[in-house]
Amino acid sequence: MSAPGRLPRWADYGLLPLLNLCAALLISGLVIRLIGESPWAALKLMAAGAFGAQDSVGYTLFYATDFVFTGLAVAVAVHAGVFNIGGEGQAYIGGLGVGLVGLAFGSWSPWIVVPLGIAAACAFGAAWAFVPAWLQARRGSHIVITTIMFNFIASALMTYLLVNVLIKPGQQSPESREFGPGAVMPSVHQALGMIGIPFAPSPFNLASLLALAACLLVWVFIWRTRWGYALRVFGQNPQAALYAGISPQRTILVSMLISGGLAGCLGVNELMGSEHRILLDFPGGAGFVGIAVALMGRNHPAGILAASLLFGALYQGGSQLAFDMPHVNRDMVVLIQGLVILFCGALENIFRVPLAALLCRAGGSGRT
Amino acid sequence: MEPESPAPEAPGGLPGPALELRAIDKRFGAVHANRAVSLSVARGSIHGLIGENGAGKSTLMNIVYGFHTADSGEIRVNGRRVVIGRPRDSIEAGIGMVHQHFMLVERFTVLENVVLGAEGGSLLGKGLAEARAGLARLGRDYGLDVPLDAETGHLPVGMQQRVEILKALHHRADILILDEPTSVLTPPEADQLFRMLALLRDQGKTVILVTHKLREIMAITDRVTVMRQGAVVHETATRDTTPRALAEQIVGRAVLLRVEKKPARPGPALLEVRNLEVRDRFGVPRVKGATFSLRAGEIVGIAGVSGNGQSELLEALSGIRRPSGGAILLGGRDIAGENVGPRDRRGLGIAHVPEDRLRMGVVGSFSAEDNSILGYEGRPEFSGGGILRRGAIRSGCERKMAAYDIRPPAPRLRITAFSGGNQQKVVMAREIDSKPSVLIVGQPTRGVDIGAIEFIHRRIVELRDAGKAVLVVSVELDEIMGLSDRILVMAGGEFVGEVSGEEANERTLGLMMAGVRGDPRK
């Protein structure tokens with residue numbers, strides 16, 4: 001029996017997410033109307049805030065880079081049938097790795113320190129994912145629960161470290177000192193400036209190239225290597241994996257290590273690329289947005305790239321909106337983002353069945 | 001299809017046949033599952049519905065029962081048009097269905113299960129009491145004795161099936177649809193079921209029997225309808241036809257019902273199993289002290305009612321499950337330990353076609369070509385340095401599709417879009433193509449159409465003739481008897497008898513399967 005609501009690819013990957021997005025924006029518009037602002041003006045402000053100028057584009061892409069990392073992290077785990085909700089904590093600890101490298105070796109050449117920082121980000125993020133993965137693989141502890149707990153543990157650990165250990169002496173705010181000049185990921189406006197193209201300054205940095213490379217690598221890994229194949233077999237049909245001789249424990253561990261490593265790379269973008277020091281709560285929920293991004297992007301790197309751009313734009317455009325509209329505050333923007341996540345994530349399937357029925361009727365009368 | 005003729009008046013006061021389908025049409029996307037199907041089932045008869053897997057029988061019955069809605073066409077019950085959009089509508093129209101996989105709550109008592117869906121009010125007490133009285137009467141009338149207060153999950157399968165029938169009758173069904181009812185029964189249990197169905201018919205109930213077993217159609221039905229590719233291709237009174245004629249209608253061409261093979265010339269033992277004990281995950285022993293050997297150039301069949309340790313035996317041999325005792329000797333080496341997993345066993349030349357194709361043998365969401373390397377993805381022909389050789393995988397799959405006549409020959413098509421027979425051919429091709437010395441096959445033709453059965457059997461015999469050892473586990477006695485050179489019978493996790501392929505007959509095997517130990521040579 002075929003599942004109800006199976007859609008052709010173009011509808012599944014294009015039309016359906018678009019419909020969900022429109023529904024979310026429609027309801028957001030209603031709420032904005034309710035508080036006495038013009039939805040149309042708000043939409044225009046958001047679009048302008050996200051894409052209206054070079055620096056706003058830069059910010060949008062900077063946020064999008066975060067979401068690519070966390071989205072890929074979720075997707076890799078999902079392909080193995082593992083739901084990694086711990087992206088936030090893994091990103092946070094990944095940042096610790098970047099930070100320690102930045103603080104310790106900041107005076108060295110960036111040609112050494114930047115790769116070292118990336119490696120540390122992956123290693124720390126992977127290490128933070130390893131414990132829940134091991135508990136799931138060997139002890140059957142539910143990974144959704146353990147990864148959520150590990151987010152809290154990461155948060156507590158980082159607060160402790162920043163307040164008591166890493167804090168720059170002689171200041172109140174719990175932040176480390178600045179990294180040395182070697183631990184700085186060049187920003188895009190600097191890089192473009194070097195080849196003579198002017199670009200407005202923004203935190204948009206070359207970690208975005210790392211994100212693009214990660215997209216490509218994840219695609220190759222999942223669809224072109226035997227390990228990715230094994231991972232997908234396990235994710236789609238654990239019994240068939242057992243039959244094929246694919247070890248469940250190993251698959252869970254490997255997928256979570258990769259997932260954690262990818263999430264950890266967020267630290268490269270945020271800390272090496274923008275902040276140049278370790279500070280409290282720098283992932284700022286990007287780990288959770290990654291879940292929505294992966295869902296909306298259908299766990300495919302290309303889709304994740306597109307969804308990351310959307311969420312980057314929402315993030316940046318939303319900030320602009322809160323800044324420009326007197327009645328729209330920060331919470332309002334969170335609401336809009338929440339609605340998009342709700343429609344593209346939790347309610348992802350509400351239009352699926354009617355849309356499938358509609359397409360089936362349209363297609364059934366004509367070609368088969 | 002021709003335009004429907006007016007319904008004839010039937011005896012018994014009610015107009016028309018018990019169930020009449022007129023030009024039922026149903027599509028699932030590109031699949032035309034039912035093409036203008038018209039069917040008329042006379043009251044007080046047993047009507048057989050037979051056809052290959054994917055011929056549209058199940059879809060048709062699911063439309064009648066309200067699991068699916070037809071795109072067009074109408075359903076008439078007792079001459080009156082009814083609209084069936086969900087199971088409740090069909091229950092109200094007096095239609096009951098016994099599914100292949102029972103829809104019972106195992107932890108409920110029989111009584112609670114029967115009442116389910118017809119509780120008769122928000123408090124259970126009154127409904128249960130009424131049901132108890134009603135069921136006692138039904139039990140008397142139809143000889144359906146079932147312990148009403150027993151926990152359903154503890155009952156034998158045959159008894160659970162009776163509970164399903166009782167449930168349908170309790171819901172006032174006059175038309176009873178049974179979907180492959182004998183697939184889980186021993187031959188004696190099946191005979192008992194058929195006696196029960198005959199009794200139901202004689203009491204005026206109408207029975208529709210959906211099956212793929214010709215023997216059952218011939219044994220019990222009054223009329224039979226053959227479906228092929230979504231359409232009715234043949235309908236006749238059962239006494240006017242023969243199994244061969246029906247088989248040809250089902251497949252659309254002449255078929256071989258017996259497996260053609262030369263006598264076996266067994267060579268040395270390739271695989272020896274000694275005192276094997278396998279426990280399930282609750283620690284319950286499922287295979288108790290199995291000892292046998294597989295010789296080169298020989299097909300050994302294991303007969304038994306499903307759930308008597310065959311699955312665990314297969315899993316232990318293929319390395320999926322670690323035995324708790326005993327030895328599996330391959331060329332003198334004991335491979336029973338955990339460190340020789342399924343992948344290593346493939347490397348040692350043991351290929352395995354699992355019993356439950358969709359649960360284990362394929363990944364439903366993968367394409368045919370991706371499924372054609374499952375378990376072998378690390379072999380140098382399919383990957384190098386960890387990177388899959390996409391081109392080689394595709395051409396390998398195309399080659400297998402041509403060699404095994406897999407239709408459609410589309411490597412990139414999702415495996416679940418293929419018919420059961422073609423899916424099984426993908427699995428068979430994958431395993432046989434790996435050049436095994438020992439092939440272990442569970443249910444080689446479960447859910448496979450007659451045309452493909454012939455093909456698969458021939459491949460298994462070819463492998464034997466090439467000097468390989470084959471172990472076949474099947475719940476289909478005909479298959480075991482037709483294919484095997486030697487038959488071992490399993491009951492309660494033990495081997496209770498051994499007979500040679502030529503000597504085997506249904507009666508002796510059936511008795512042994514029921515656990516009656518006999519002199520194996522009698």
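## Close-up views of a predicted model

**View 1. Asp55(A) and its contacts.** Leaving aside its neighbours within four places in sequence, Asp55(A) is in contact with Ala200(A), Pro201(A) and Ser202(A). The model shown here is predicted. Asp55(A) belongs to helix H3 of chain A, which covers residues 54-79. Follow the chain from Asp55(A) to Phe199(A) and you pass along 144 residues of sequence. In space, the C-alpha atoms of Asp55(A) and Phe199(A) are 7.8 Å apart. Being buried takes 20 or more, and being exposed takes 12 or fewer.

**View 2. Helix H2 against helix H14 in chain A.** H2(A) spans residues 39-51, and H14(A) spans residues 301-324. The two helices pack with their axes 7 Å apart. The angle between them is about 120°. That angle makes H2(A) oblique to H14(A). Their crossing is right-handed.

**View 3. The residues between H2(A) and H14(A).** Which residues of H2(A) make the contact? They are Ala42(A), Leu45(A), Met46(A), Ala47(A), Gly49(A), Ala50(A) and Phe51(A). H14(A) answers with Ala313(A), Gln316(A), Gly317(A), Gly318(A), Ser319(A), Gln320(A), Leu321(A) and Asp324(A). Sorted by type, the residues of this contact are eight nonpolar, six polar and one charged.

**View 4. Where chain B touches chain A.** Chain B gives 25 residues to the contact, and chain A gives 20 residues. By type, the side of chain B that touches chain A has 12 nonpolar, nine polar and four charged residues.

View 5. Chain A has 16 helices and zero strands. Along the principal axes, the C-alpha atoms of chain A fill a box of roughly 75 × 60 × 40 Å. Of the 368 residues of chain A, 50% count as buried. Now take the contacts in chain A with a separation of 6 or more: 76% of them join residues 24 or more positions apart.

Methods
Residues are numbered from 1 along each chain as its sequence is written. Chains are lettered from A and ligands numbered from 1 in the order in which they are written. This is a predicted model: local features need pLDDT of at least 70, side-chain atom pairs count only at pLDDT 80 or more; totals for chains, interfaces and linings use all residues. Two residues are in contact if their C-beta atoms, placed from the backbone, lie within 7 Å. Ala, Val, Leu, Ile, Met, Phe, Trp, Tyr, Cys and Pro count as nonpolar, Asp, Glu, Lys and Arg as charged, and the others, Gly among them, as polar. Axes are lines fitted to C-alpha atoms, for helices over the stretch in contact, and angles run from 0 to 180 degrees between N-to-C directions. Helices (H or I, at least four residues) and strands (E, at least two) are DSSP runs, numbered from the N terminus. Angles under 35 degrees count as roughly parallel, over 145 as roughly antiparallel, 65 to 115 as roughly perpendicular and the rest as oblique. A crossing is left-handed if the near helix is turned anticlockwise from the far one by less than a right angle, and right-handed if clockwise. A residue is buried if 20 or more other C-beta atoms lie within 10 Å of its own, exposed if 12 or fewer, and partly exposed in between; C-beta atoms are placed from the backbone.
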